[in-house]
Amino acid sequence: MTNILAIESSCDETSAAVLQDGKILSNFIANQQVHEQYGGVVPELASRAHLQNIVPVVDAALRKAGLTKAELDAIAFTQSPGLIGSLLVGCSFAKAMALALDIPLIAVHHMQAHVLANFIEEPRPAFPFLCLTVSGGHTQIVLCEDFLKMTVIGETQDDAAGEAFDKTAKLLGLPYPGGPLIDRYAREGDPERFSFPEPRIPGLNFSFSGLKTAILYFIRDETAKDPDFVAKNLPDICASVQHRIITILMNKLVKAAQQTGVTHVGIAGGVSANSGLRAALETYSKRYGWQHYIPKFEYCTDNAAMIAITAYHKFKAGQFSPLSVSAGARATW
Ligand code: KG4
Ligand code: ZN
């Protein structure tokens, strides 16, 4: 039997998961409320909160799994990318535990793990698999030929899709993180009411900075005419913005599927929790004959279960890290 403890601390969630032979036994996530009052994640505060949370979160994950530290076969952690101070907490903790228990250490790439969240539960995709990974820091189209063989074939040139949601929310006076709130208001709004531009970016790359500026000017101009414009039209604004973000993402995913000929298609990352994007993937899948995959809700936003499943495949492939390994804010694949 292979028991792996995984730790995720790349941004503002402290998470620990326990996996046994490819099956997740527990997945605990401690959210950091401290950032809400600042309208975004404050890196220094995130590191301190990780330091407070990590021991109780790991203890809870082990207890729920019914395992002791002595039964672990490896410790995995998110090595990159992310906030360096946050990553260092998980990295140092994992190294200390691997050293104390004299078991292997497995460094995991956060974006690779988001993709592999699709493989945690049935139905699991077949290879080749095409994944649209959309989070607060990244927007990528990833071609997976195997669990550990992935190529980024398209990515954002500026803002990530999650940032487009969060920055729009900020303009509308909604608290951080705004993505889930836009999702909620959008359900009651008309997605065709306001029209926002689709950027003309060649190939499979994305851009969201033009959309952000268009939304900024739109709100400024409409508020000048009617100071209550946002309050009166919040659901329609949210629905129209969300609709545009989704069509930008889906149009590129269609292009990628056509270029690669891949028919197993999925989404991952925090924005894959968006109800409109999840519905759009289903609609497009019917239209284009794709088999589609969406991780369970708790495996979309940052979580350690996705780190554990990636570590499991690295364990089987013998891909361990030396104790000299460190965290990295940026990382190449
Ligand atoms: O993957 P994630 O938890 O963290 C990063 O790796 O960045 O993604 C966080 C992002 C945030 O931008 C958040 O607003 C967005 O995912 N998000 C959503 C929804 N839930 C989370 N965006 C739109 N609709 C949602 N339901
Ligand atoms: Zn993430």
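Okay, helices here are DSSP runs of H or I with at least four residues, strands are runs of E with at least two, and both are numbered from the N terminus. By that count, G328 sits in the segment after α9 (305-316).

Quick housekeeping. This is a predicted model, so to speak: local features need pLDDT of at least 70, side-chain atom pairs count only at pLDDT 80 or more, and totals for chains, interfaces and linings use all residues. Residues are numbered from 1 along each chain as its sequence is written, while chains are lettered from A and ligands numbered from 1 in the order in which they are written.

Back to G328. G328 counts as partly exposed, because it has 16 C-beta neighbours inside 10 Å; buried would take 20 or more, exposed 12 or fewer, with C-beta atoms placed from the backbone.

Now, where does ligand 1 sit? Domain 1 (3-115 + 300-316) and domain 2 (125-295) both give residues to its shell, so ligand 1 lies between them. Those bounds come from an automatic or database domain assignment. Near, for a shell residue, means its C-beta atom, placed from the backbone, is within 6 Å of the molecule. There are 19 residues around ligand 1, and S135, G136, G162, G179 and G270 come nearest. Helices α4 (161-171) and α5 (179-186) each supply at least two residues of that shell.

S135 is worth a look. You'll find S135 in the loop between β6 (129-134) and β7 (139-146), and S135 is buried, because 25 other C-beta atoms lie within 10 Å. An unreviewed UniProt entry annotates "binding site" at residues including S135, G136 and G179; such annotations may be inferred rather than shown by experiment, feature names are shortened, and positions follow the numbering used here.

Two peptide bonds are cis: E122 to P123, with omega near -5°, and F127 to P128, with omega about -5°. P123 lies in the loop between α3 (110-116) and β6, and P128 is in the loop between α3 and β6 too.

Then, positive phi. D21 has about 45° although it is not a glycine, and it lies in the loop between β2 (13-20) and β3 (23-31). D102, also not a glycine, has phi near 55°, in the loop between α2 (84-101) and β5 (105-109). D102 counts as exposed, because it has 6 C-beta neighbours inside 10 Å.
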